[in-house]
Amino acid sequence: MTDQPQQPQQPDARPETRVWLISSAFGSLGYAVAQEALKLGDYVVAGCKREEIELERRTSAAQDDGSREDSEDEGRSIQYLKRIGGDSCIIVELDTRNVSLCQSALAEAINVWGRIDVILNCDSKTYAGTLEELNPTHILDQFESNFFGPINMMKSALPFLRKQRGGHIVNVTGLTGHMGTPGLSARCASDHALEGFTDALAYEIAPFNIKVSIVQPPLEVNVLLSPLHLQPSAQQAYNDPTHPFRNMTNILSLSPPPEHIMSETVSIILHIAALENPPGRIVVGNEGIEQVKDRVKTVSEELEEFLEASLGADIPKE
């Protein structure tokens, strides 16, 4: 008699237990959130690209002698998520650029656990360089990953979320979604687009008790820890040491950020996912808060400076 496959356990009735669908569980942020959610007793549908699953399969086959340690320090590992989560974690193939994969991942979550509580869109990449150096295909690829991917995920999820009359969508952008950053024009454009889309979507889905939040981590998380394609400037005009792009290039060349920056981001995502009335937008870290305040102050000052000119549009012409 053959052994029957063990059925995944059903979600508890406790309201604090949530079912997560993470769009990029093999990415730095998605992996960290998946670990902490599983440790808290939540249920995770971990989305991984086909090449990530294949890489994991080849690595496991090469190390099937048991020599690999069961440690968080071994690097990102799908099997490690399964070991700490057990039946609370399922792995699905997911590339948000593919609508069919978005739909199948969502259907798998519903089929196993009957609901989805949190959808975390955290798959991203960054093309860095001045506009004159960026290839048009780089800009298109930037939007495919950071803008159209999350839209595919959200559009695919809404029928499920409307039916269950609730859910929470969390879109990770960054300060690049709040202000312009030299050398990151393509990334800023895609993040600005996603934030504008999210702001409008929030009004559309509010009647169905579906919440949506934007999380803005610092550059160390959303840029340095995502796939980074740095296009060094070949033009002398941009090679001046005082040019803002040169300063940004130095920042992007730094070593990985301190662990506490990532842990702060993960803690905030877990915190707002548990709120009945989560914020529409939240900034991670004091430095980011100060930058946003400066940006708001600048906009306010310019508004007042050109107030007379702006109000002139309301004066009827005779």
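What order do the seven strands of the open sheet take? I read β3-β2-β1-β4-β6-β7-β9, with parallel pairing. I noted that strands pair if DSSP finds at least two bridges between them. Helices (H or I, at least four residues) and strands (E, at least two) are DSSP runs, numbered from the N terminus.

The model is predicted, so I kept its limits in view: local features need pLDDT of at least 70, side-chain atom pairs count only at pLDDT 80 or more, and totals for chains, interfaces and linings use all residues. Residues are numbered from 1 along each chain as its sequence is written, and side-chain values use heavy atoms, with hydrogens and water left out.

I looked at β6 (167–172) next.

**Neighbours of β6**

I found β4 joined to β6 by four bridges, running parallel. Val118 stands opposite His168. On β7, Lys211 stands opposite His168. β6 and β7 pair in the parallel sense over six bridges. From β6 the chain crosses through α6 to β7, and this β-α-β crossover is right-handed: with the strands pointing away from the viewer, the path from the first strand over the helix to the second runs clockwise.

Leu21 stands opposite Val45 in β2.

Note on methods
Contact means heavy atoms within 4.5 Å. Axes are lines fitted to C-alpha atoms, for helices over the stretch in contact, and angles run from 0 to 180 degrees between N-to-C directions.
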